[in-house]
There are 2 protein chains.
Amino acid sequence: MFKAVNLIELKIEKYNVGLPKFDIELVKYLINKKTGYDKISVEIELWYKIPHLIRKNNNLYAIVVKEEDRLVLLDLLESKPLNVLGCAIDIGSTTIALYIYDFIADQIICEFSIDNPQIVYGDDILTRLHFARKHENIQILRKITIEAINSALKNFNQESIYFFSICGNTAMTHFLLGLPVNYLIMEPYVPVIQWIPVLKARCLDLRGHPSARVFIFPMVGAYFGGDLVAGIFKVGLHRRERPCFYLDVGTNAEVVLGNRDFLIACAGAAGPALEGGIFSCGTRAIPGAIEKFELSLERGEINFKTIGDLKPVGFCGSAIISLMAQAFVQGLLTPEGKYVKDKFPERIREREGGRILVLVPEDEPSAGKEIYVSEHEIKSFLRSKGAMYTILRLLCEKAGLTFSEVEKFYVAGSFGINIDVESAVILGMLPEEALERSEAVGNGAGLGALKFLREPNFEEIKEIVESITYIELNTEQRFLELLTGALIIPHVDLEAFPKVKKILEARRGLCSE
Amino acid sequence: MFKAVNLIELKIEKYNVGLPKFDIELVKYLINKKTGYDKISVEIELWYKIPHLIRKNNNLYAIVVKEEDRLVLLDLLESKPLNVLGCAIDIGSTTIALYIYDFIADQIICEFSIDNPQIVYGDDILTRLHFARKHENIQILRKITIEAINSALKNFNQESIYFFSICGNTAMTHFLLGLPVNYLIMEPYVPVIQWIPVLKARCLDLRGHPSARVFIFPMVGAYFGGDLVAGIFKVGLHRRERPCFYLDVGTNAEVVLGNRDFLIACAGAAGPALEGGIFSCGTRAIPGAIEKFELSLERGEINFKTIGDLKPVGFCGSAIISLMAQAFVQGLLTPEGKYVKDKFPERIREREGGRILVLVPEDEPSAGKEIYVSEHEIKSFLRSKGAMYTILRLLCEKAGLTFSEVEKFYVAGSFGINIDVESAVILGMLPEEALERSEAVGNGAGLGALKFLREPNFEEIKEIVESITYIELNTEQRFLELLTGALIIPHVDLEAFPKVKKILEARRGLCSE
């Protein structure tokens, strides 16, 4: 299998009958003999060097890039290079993940992330999009993004980076290219371009080898970006025999269901809940963030563990989901998301027309501030988790499938790594079938971009893009119908959650004893 | 049929079901609907303009270029342009011919030529090639050639030139691109590149529209350049049912024989004679050059006509060929190329171990200098004319044909326009079959480049290049065997020239009366 960049040793043959009698045609012929490709082009800068190089050397090392259906000779070296590098990049709205890959050794030599510098112009994407309506401003976003990437790569030998594989959501892709976003943010939400041809990195001011190429993952729509395409490519949804889910939960919950025959997708604002964004005491996974709660009504205790064992500054999304599941199972939280005060009176307080559950009291020795969850917040959470479940349900319905016919639930992003699937199921965020069949894939988008360096299968990417049917939730009446039942923990239809039902029955049994 | 550049009016449709929901994909869709092409790419500079343009206008004018198997959108205009121009260029070693073509009106709006500025670095190609061995020097040749073209075009609206179609011999093509010629001038005479992909004009510093493209005709070998490929393309040799000759006589005589099944070619130094280069009184067709002689032994006169009716400064190649034919027919010149002194004693003089025929005596009132032809010069001429005939004969032999099976003799270059075919046949430079079947094609190379603007058939050009078998005269023993007989006027084998034979017999009849 051909990689995005390939090092090919060429044994230079002397001109004689049967060999092309043109220097560049001879080099193409030698590359063809080694690779079988007949569409080969040679970077114009090399036309001037090749006549001398092939006469001075018996062996040369060709750096050959795969560009759609053809090979392009990017460089011809007199000695074997130490490194031939590629760089995969996932431009997230918060962080930019980078993977440096060595094509010769076939291994990742470095993997790291940097903050997305666009945050200065808006925490959320919408603010940035509004900022970017002015031509000068979109150019600012473009410039700082490219500069951040160039600067992140400055400790590597940039001359030896021959290929960039980049993905991001639709807004990020527009920012990267400096494309107008004016019509992306108004009805009918039209992106500028879908399929971006392989470009020269220097056209984008990306620093690498002077002839380095960039592949940018195509977009499916305003709400379905190249990051998701990369994720599908990573897990190979489009090649599976039996249908699978791919969930990428960030600011939005983006979900794709499908196999080699079909792909249907939709995205909804189910994300904030899961990222902890709707909780006033929620925080990202920083030092001091509570990453785990243990609730014991029997002992009247809520124990917790923070990152770095520091004073608690807030809680992570994963911790609060687990806590809510425990509260529900132990009867402290009703299916409607209300606190049962007499189950834990010392921690439940009335505030602002509702109740809150104090997780860490202000006066607790180790605490700096009161950490709590209010019923108001839980209500928002229930909308999010309900949306999440409903999206899964809706996609299954559209495909004429039941959850039990879905083979895998690939869960990408930090959600997939951190969330306790059991808690998510108890709360009715994921169906029970996910218990046994979920698989955390990590940064699916970044890993998809990385996979492209190893397997630059343009046709496969095109297949994915062309086979996706995107469902607009706004205009989907059925979504609202289904959502209502999902606003309850775990769901109005308890029969869909037999294991949760059993847990609840066991608890009732205990209570009634 | 698609031209190299096409103006397409696009009616912008509003987004709705069935239309691609991406701005650039919409434009591609509209172009596809108008053209049927599905491989369409859009110049990156336009990505930034398109979103605004398609919303501001109901109609747009697309400038679309054909590039091998795909269309490229080069520009999108809000109003119909006055001109959409292309420029065809034939870079000859002496002059550069330019044709400005309007794609909309489908007509040539200007046709002119300029001196090739490389002449400063050598009158003949070999001197320039030696000069160009140094990298700095080849860059000088490149630069002055491009500058001469840019300057020749400066009176046209250069922004509206979207396509350049350029041909030249192999050396000229290397100079134009600044490619190393070091290995072109030594065994085994290897050019750098055969097939030059369509380039951006600005890569060559050619001034036109910022996105203008350049097509440069491919080379077949060191002695068979893109000019000849263009000539074959012009007359359509490769599409004919019955075999035809294509002769381009410049510094070299380049000859191709073939039809849709085969093309065989060779080139030899038959040219100088025909260009007047071997005659000390020969000159190019400048004012004062003798363009016509009339010899009358009966009246003892040689009359002549000069260009512009000025004092004679020398004679053109066409005039001297006609004169020699007259001299031969009238018995002043023997088949071996010797003067018969007593036929015209007042004009034949002994000089430098041979005889000369004085065409214009120094003391003639209208003359400034003596104008003559020596037997030495005629000997050189006989080698050239013999080579010319022998090349034709050899190619026929290789193809298993006789001259009578050749349908047409296309004669390109000034040779074709000026030479009296009858004189050439009498001297045995062309076979008698050429009398009825020759056709002057003018500047075949330049007209081929021009044809490409109208019919940019890349596949056809590839077919030509791939089907040519080139015969090296150096290594062709049969050439020397055949040449010997052709050094006689018209030929040792007089049976091959029945009409000439009849003329000679008629003269002998007259003499013997």
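Chain A has four parts: domain 1 (5–77), domain 2 (85–216), domain 3 (236–273 + 381–501) and domain 4 (282–366). Those bounds come from an automatic or database domain assignment. The C-alpha centres of domain 2 and domain 4 of chain A are 39 Å apart.

Some ground rules. This is a predicted model: local features need pLDDT of at least 70, side-chain atom pairs count only at pLDDT 80 or more, and totals for chains, interfaces and linings use all residues. Residues are numbered from 1 along each chain as its sequence is written, while chains are lettered from A and ligands numbered from 1 in the order in which they are written.

Now the two chains together.

Chain B gives 26 residues and chain A gives 25. Contact here means C-beta atoms, placed from the backbone, within 7 Å. On the side of chain B that touches chain A, α1 (23–35), α2 (44–47) and α3 (50–56) each supply at least two residues. Helices here are DSSP runs of H or I, at least four residues, and strands are runs of E, at least two, numbered from the N terminus. By class, that side of chain B has 17 nonpolar, five polar and four charged residues. Nonpolar covers Ala, Val, Leu, Ile, Met, Phe, Trp, Tyr, Cys and Pro; charged covers Asp, Glu, Lys and Arg; the others, Gly among them, are polar.

Next, helix packing. In chain B, the axes of α7 (residues 226–235) and α14 (residues 444–454) come within 7 Å and cross at roughly 70°. Axes are lines fitted to C-alpha atoms, for helices over the stretch in contact, and angles run from 0 to 180 degrees between N-to-C directions. So α7(B) and α14(B) are roughly perpendicular. The cut-offs: under 35 degrees is roughly parallel, over 145 roughly antiparallel, 65 to 115 roughly perpendicular, and the rest oblique. The contact includes F233(B) of α7(B) and F452(B) of α14(B). By class, it has seven nonpolar, three polar and three charged residues.

In chain A, α10 (residues 375–399) and α16 (residues 477–485) pack at about 125°, axes 9 Å apart. α10(A) and α16(A) are therefore oblique to each other. G386(A), A387(A), T390(A), R393(A) and L394(A) of α10(A) meet R478(A), F479(A), L482(A) and L483(A) of α16(A). That contact has five nonpolar, two polar and two charged residues.

Last, the backbone. Most residues other than glycine have a negative phi, and most peptide bonds are trans. Where are the exceptions? The bond from I489(A) to P490(A) is cis, omega near -15°. P490(A) sits in the loop between α16 and α17 (498–512) of chain A. E187(B) and P188(B) are also joined by a cis bond, omega about 0°. P188(B) is in the loop between α6 (170–177) and β9 (199–200) of chain B. D106(A) has a positive phi, near 50°. That residue, D106(A), lies in the loop between β6 (95–102) and β7 (107–115) of chain A.

How values were computed. Two residues are in contact if their C-beta atoms, placed from the backbone, lie within 7 Å.
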